[in-house]
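Please open the model in your viewer and keep the selection panel at hand. The stops below run from the whole chain to single side chains.

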Amino acid sequence: MKPKGVIDSLNFSSENLEAFLRDENYIIEIVKSIGVFNPDRWVQEFKKPLTRNIVEAKILHTSTGLVLPIKRHSTSQTKQTLELAGLHSYTDKSKLLSELLSDLLEHIQEETITRLDVAIDFKGKIPNKVIKKLCASRVPFSWCNSRYLKTESEKKTNTHINIILYPKHIKENLDYEIERLEFSFRGSYFRGQYLVKDMQEVYTKMQKTIRRFTGLEVVIKSL
């Protein structure tokens, strides 16, 4: 049986993002904009500071209790980016995120994909042959409970593809062992060429990339 991959994170950018968030189910809190700057709120909600390249920052509050970041970057100031991270975890939040995405999908078909994280979960350990294949082209770097597969030239973040291995059961306090192999496909991988409606085409592209790095014939589950 071919291993399955699932979309764990989806970022998309839109020139009309707030247009389809205007109903009683959503509240948008401004953190950084013209005449407004409250960086402590960002840290309070997302545990990380605002970076300089974020020229506008807002927080989306949903009626189900989700709190999500909306950003406008200096490199693309006409568009806002909504981040949906943790779509496939073993938590109630993951279920709520999936429900939110399901509600939004019909409205975001023409929006641009800027990031997709594909998670491949293994019951028990990730096979050694997969790790050896990954290490043939990248260098492992350990941090806390995670191993990052880095190119020899990259530093903190790879703007093309990040590859991470970590014990999912420890992160989410599960009573059974699951190791996750995660491919984070970033902006330069997509080059602004794919819309949400092109997702099936994107799956094919990502599956080929994962096979090249791991040897695995992964099938990515549709959203």
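What percentage of the 223 residues of the protein chain count as buried? The share is 48%, where buried means under 20% relative accessible area, exposed over 50% and partly exposed in between, with a 1.4 Å probe and protein chains only. This is a predicted model, in which local features need pLDDT of at least 70 and side-chain atom pairs count only at pLDDT 80 or more, while totals for chains, interfaces and linings use all residues. Residues are numbered from 1 along each chain as its sequence is written, and side-chain values use heavy atoms, with hydrogens and water left out.

Start with the whole chain in cartoon view. Its secondary structure comes to 6 helices and 12 strands, taken as DSSP runs (H or I of at least four residues for helices, E of at least two for strands) and numbered from the N terminus. The radius of gyration is 18 Å, close to the 17 Å that the globule rule gives for 223 residues, so the protein chain is as compact as a globular protein of that length; the radius is taken over C-alpha atoms, and the rule is 2.2 Å times the number of residues to the power 0.38. Along the principal axes, the C-alpha trace spans about 55 × 40 × 35 Å. Of the contacts between residues at least 6 apart in sequence, 61% join residues at least 24 apart, a contact being heavy atoms within 4.5 Å.

Next, select L181 and M206, which touch the most other members of the largest nonpolar core, a set of 48 residues. Such a core consists of buried Ala, Val, Leu, Ile, Met, Phe, Trp, Tyr and Cys residues joined through side-chain atoms within 4.5 Å. Helix α6, residues 199-214, gives the most to this core, with 6 residues. Leaving aside neighbours within four places in sequence, M206 is in contact with I7, L116, V118, F185, Y189, F190 and I220. A second, separate core has 7 residues, among them V31, F46, L50 and A57.

Now display the aromatic side chains. Ring pairs link F183, F185, Y189, F190, Y194 and F213 into a cluster; rings of Phe, Tyr and Trp (its six-membered ring) pair if their centres lie within 6.5 Å, and planes under 30 degrees apart count as stacked, over 60 as edge-to-face and the rest as tilted. By this rule the count comes to 6 aromatic pairs. The centres of F183 and F213 are 6.0 Å apart and their planes stand at 55°, so this pair is tilted. It links distant parts of the chain, with F183 in strand β11 (residues 178-185) and F213 in helix α6, 30 residues apart, and both F183 and F213 are buried. For F190 and Y194, the centres are 6.5 Å apart and the planes at 80°, so the pair is edge-to-face; F190 and Y194 are both buried.

K205 lies over the face of Y189, at 4.5 Å from the ring centre, and K171 lies over the face of Y166, at 5.0 Å. A charge sits over a ring if NZ of Lys or CZ of Arg is within 6 Å of the ring centre and within 35 degrees of the ring normal.

Finish with K132, in helix α3 (residues 128-135), which is exposed at a relative accessible area of 63%. Its C-alpha atom is separated by 8.4 Å from that of T214, 82 residues apart along the chain.
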